[in-house]
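Let's take a walk through this structure together, starting with the overall span and ending with a few individual residues. Keep the 3D view open as you read.

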Amino acid sequence: MKESKHEDWQWDKGPIGRLVKTGYVTLRREVEELLRPLGLTHTQWSLLSVIRHFPGISPSQLEPILMIERPSVTSLLNGLESKELIIRKNHPQDGRYKLIYLTETGLKLAEETQHFTTVVEERVKDGMTADEFESLKALLVKMVDLFAKE
């Protein structure tokens with residue numbers, strides 16, 4: 001049996017969902033290459049960024065932002081807590097709820113790696129005209145908005 005290769009699969013001929021996923025996975029892999037030496041996954045890195053922007057966010061608020069389920073959020077938080085990158089604090093009005101903050105180490109790491117998205121995005125921009133890049137972004141936003149209104 002012949003071994004299949006990426007070049008053999010006509011990924012560009014498929015439905016729009018496959019194209020969007022292929023594009024996303026391609027970008028994600030590029031970011032993961034930058035994260036690998038730091039021992040972070042893409043999702044952990046994304047979580048650090050969200051907490052950096054929303055200190056004191058709750059786990060339930062993270063679910064829709066990261067587009068993952070509660071057990072995955074809990075697992076991510078446990079992993080980042082064990083690396084001493086985040087800390088959970090009791091909610092001031094209700095001790096049953098925890099609020100998530102970055103530790104000093106977590107904040108430093110989030111700040112030092114925030115440019116990784118730009119690094120990868122610049123590679124995309126290098127392969128397109130400015131108009132193509134802006135059109136791509138606008139069309140993706142439009143596509144998401146179509147389904148968000150349902």
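**A guided tour of the fold**

Helices here are DSSP runs of H or I with at least four residues, strands are runs of E with at least two, and both are numbered from the N terminus. The span comes from UniProt, where an unreviewed entry lists residues 13-145 as "domain: HTH marR-type". UniProt positions are given in the numbering used here, feature names are shortened, and such annotations may be inferred rather than shown by experiment.

A word on the ground rules before going on. This is a predicted model, in which local features need pLDDT of at least 70 and side-chain atom pairs count only at pLDDT 80 or more, while totals for chains, interfaces and linings use all residues. Residues are numbered from 1 along each chain as its sequence is written, and side-chain values use heavy atoms, with hydrogens and water left out.

Now to the charged side chains. The structure holds eight salt bridges, a salt bridge being a side-chain nitrogen of Lys or Arg within 4 Å of a carboxyl oxygen of Asp or Glu. One of them sits in helix α1 (residues 16-35), where R28 and E32 are four residues apart, about one turn of the helix. Their side chains meet with N and O 3.0 Å apart. R28 counts as partly exposed because its relative accessibility is 25%, and E32 is also partly exposed, at 23%. For these labels, buried means under 20% relative accessible area, exposed means over 50%, and partly exposed lies in between (1.4 Å probe, protein chains only).

With a relative accessible area of 32%, K125 is partly exposed, and E122 is partly exposed at 36%. A further salt bridge joins the side chains of R70 and E63, at 2.8 Å from N to O. R70 is partly exposed, with 38% relative accessibility.

Which residues gather in a patch of negative charge on the surface? They are E121, D131, E132 and E134. A patch is made of residues with over 30% relative accessible area and no salt bridge; like charges are joined within 9 Å, and nonpolar side chains (Val, Leu, Ile, Met, Phe, Trp, Tyr) within 5 Å. Asp and Glu count as negative and Lys and Arg as positive, while His and the chain ends are not counted. Each charge is placed at CG of Asp, CD of Glu, NZ of Lys or CZ of Arg. Helix α7 (residues 130-148) gives the most to this patch, with three residues. D131 has its place in helix α7, and D131 counts as exposed because its relative accessibility is 62%.

While you are at helix α7, find S135, which also has its place there. S135 is partly exposed, at 38% relative accessibility. From S135 to T74, 61 residues away along the chain, the C-alpha atoms are separated by 37 Å. Another pair to trace is T41 and L140, which are 99 residues apart in sequence and 25 Å apart in space, C-alpha to C-alpha. T41 lies in the loop between α1 and α2 (42-53) and is partly exposed at 40% relative accessibility.

Finally, the backbone. Most residues other than glycine have a negative phi. M67 has a positive phi instead, near 60°, and lies in the loop between α3 (59-66) and α4 (70-82). With a relative accessible area of 74%, M67 is exposed. E84 has a positive phi as well, near 60°. Where does E84 lie? Look in the loop between α4 and β1 (86-90), where E84 is exposed, with a relative accessible area of 58%.

Conventions:
Accessible areas come from the Shrake-Rupley method with a 1.4 Å probe; for residues, only the protein chains shown count as cover.
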